[in-house]
Amino acid sequence: MNGMEKFEHELRESFRRVEPPQGLERRILERAGVSRRRGRMPRWMAAAASIAIAGGGLLGVMRWHEQQMRLRQAEQVRQQIALTVEITSRTLARAEGRLRSIGVKQIPVQEASWREY
Amino acid sequence: MDATPDFAEIVREHQGMVYSLAWHALRDRAAAEDITQDVFLALHQNLARLEGADHIRHWLARVASHRCIDEIRKRGYRRGPALEEVREPGGCDGDRDPLLRRRLRQMVASLPAQARMMILLRYQEEMELAEIARVLDVPVQTVKSRLHRALELLRVKMNRGTAVVREARS
């Protein structure tokens, strides 16, 4: 190493970069009104995550819709059964009234059904 | 691909360069931090116009250098803290002759503003002469001649100082 090279080497060593003061980055970002985004995920990962979230949401909505349809069907069946029971009950009440009007107080059900066959 | 660079990442990557240029140019921690903050705020406002990492680095070096030159010239009549009083920040000296380094920094600090920045861009940032010329808006030949003159001056002063020390020791 000649004299000039040695001198230039000393210059490089003397003017190496120094450590910025602690918190300088934070102060700059605060002044610029920028929030720090440490460890930001890559764009492709963010896109994949968005698609997964959207897919999950859609699946959830579809499940909910399906469940609502089943509940509606169950309610319709329940109402039909209630109507059937009510009609049957009225019919029986009417029959009982007629029987009473002709003087029949009690029908031996077992015997009547045997006689019929 | 997103062409907009992330400002926080740019600050993280380049704060060392900008702060070091300002610190070595001014030897004043508060002024160096003020300049660094101002330079990055200016970058934030101009970020959309800059294309790519090299452009950003060049832009930062350019704005920081001009800010430092302005500040050095402004301080021509206003003395800052004496160099002897300034505590060196981390990363400045290794275990090698700190007195020699300090003397070298003092001598560089006595150079005119533009020559001082040329030395810093060349030896702190390892820039080529053409890049220094673009950063400082001067012809390459001017950089070459001023840098050469500054180095010769520093070398002569340094040798003179070393001779005085040798004489004093003997």
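Predicted model: local features only at pLDDT ≥ 70, side-chain atom pairs only at ≥ 80, totals over all residues.

Biologist: Why is B:Glu131 called buried, and why is B:Arg57 called partly exposed?

Modeller: Buried means under 20% relative accessible area, exposed means over 50%, and partly exposed is what lies in between. B:Glu131 has 18% relative accessibility, so it counts as buried, while B:Arg57 has 23% and therefore counts as partly exposed.

Biologist: How do you know that B:Arg62 and B:Asp137 meet in a salt bridge, and where do the two residues lie?

Modeller: Their side chains come to 2.9 Å, N to O, and because the cut-off is 4 Å, the pair qualifies. B:Arg62 lies in helix H3 of chain B and B:Asp137 in the loop between H6 and H7 of chain B, so this pair ties together parts that are 75 residues apart in sequence. By the accessibility limits, B:Arg62 at 27% is partly exposed, and B:Asp137 at 49% is partly exposed as well.

Biologist: What makes B:Glu71 and B:Arg75 buried?

Modeller: The relative accessible area is 10% for B:Glu71, so that residue falls under the 20% limit, and B:Arg75 is buried because its value is 16%. The side chains of B:Glu71 and B:Arg75 also meet in a salt bridge, at 3.0 Å from N to O.

Biologist: Which residues do salt bridges with shared partners join into one network?

Modeller: That network consists of A:Arg17, B:Arg57, B:Glu125 and B:Glu131. One of its links is the salt bridge in which the side chains of A:Arg17 and B:Glu125 meet, at 2.6 Å from N to O. Between chain B and chain A the count is 6 salt bridges, and over all chains the structure holds 19.

Biologist: How do you know that chain B and chain A touch, and how many residues are in contact?

Modeller: Contact is a matter of heavy atoms within 4.5 Å, and by that rule 44 residues of chain B are in contact with 29 residues of chain A. The area buried between the two chains is about 3700 Å², with carbon and sulfur atoms giving 58% of it. In chain B, B:Gln37, B:Tyr123 and B:Arg155 lose the most area to chain A, together 16% of what that side buries.

Biologist: Which polar contacts and which parts of chain B belong to this interface?

Modeller: Across the interface the rule finds 11 residue pairs in polar contact. Helices H1 (7-26), H2 (29-46), H4 (98-109), H5 (113-123) and H7 (140-169) of chain B each supply at least two residues of the side that touches chain A, and the largest share, 11 residues, comes from H1(B). By class, that side has 19 nonpolar, 11 polar and 14 charged residues.

Biologist: Why is A:Phe15 called buried?

Modeller: A:Phe15 has 1% relative accessibility, and because that value is under 20%, the residue counts as buried. A:Phe15 sits in the loop between helix H1 (3-14) and helix H2 (24-32) of chain A. Leaving aside its neighbours within four places in sequence, A:Phe15 is in contact with residues including B:His24, B:Leu104, B:Val108 and B:Tyr123.

Biologist: How many helices and strands do the two chains have, and what percentage of their residues is buried?

Modeller: Chain B has 7 helices and 0 strands, and buried residues make up 51% of its 170 residues. Chain A has 4 helices and 0 strands, and buried residues make up 12% of its 117 residues.

Key: Residues numbered from 1 in each chain as written. Chains lettered and ligands numbered in written order. Heavy atoms only, no water. Buried area = accessible area lost by both parts, 1.4 Å probe. Polar contact = N/O pair within 3.5 Å; in protein donor to acceptor, adjacent residues only side chain to side chain. Nonpolar A, V, L, I, M, F, W, Y, C, P; charged D, E, K, R; others polar. Buried < 20%, exposed > 50% of the residue type's maximum accessible area, 1.4 Å probe, protein only.
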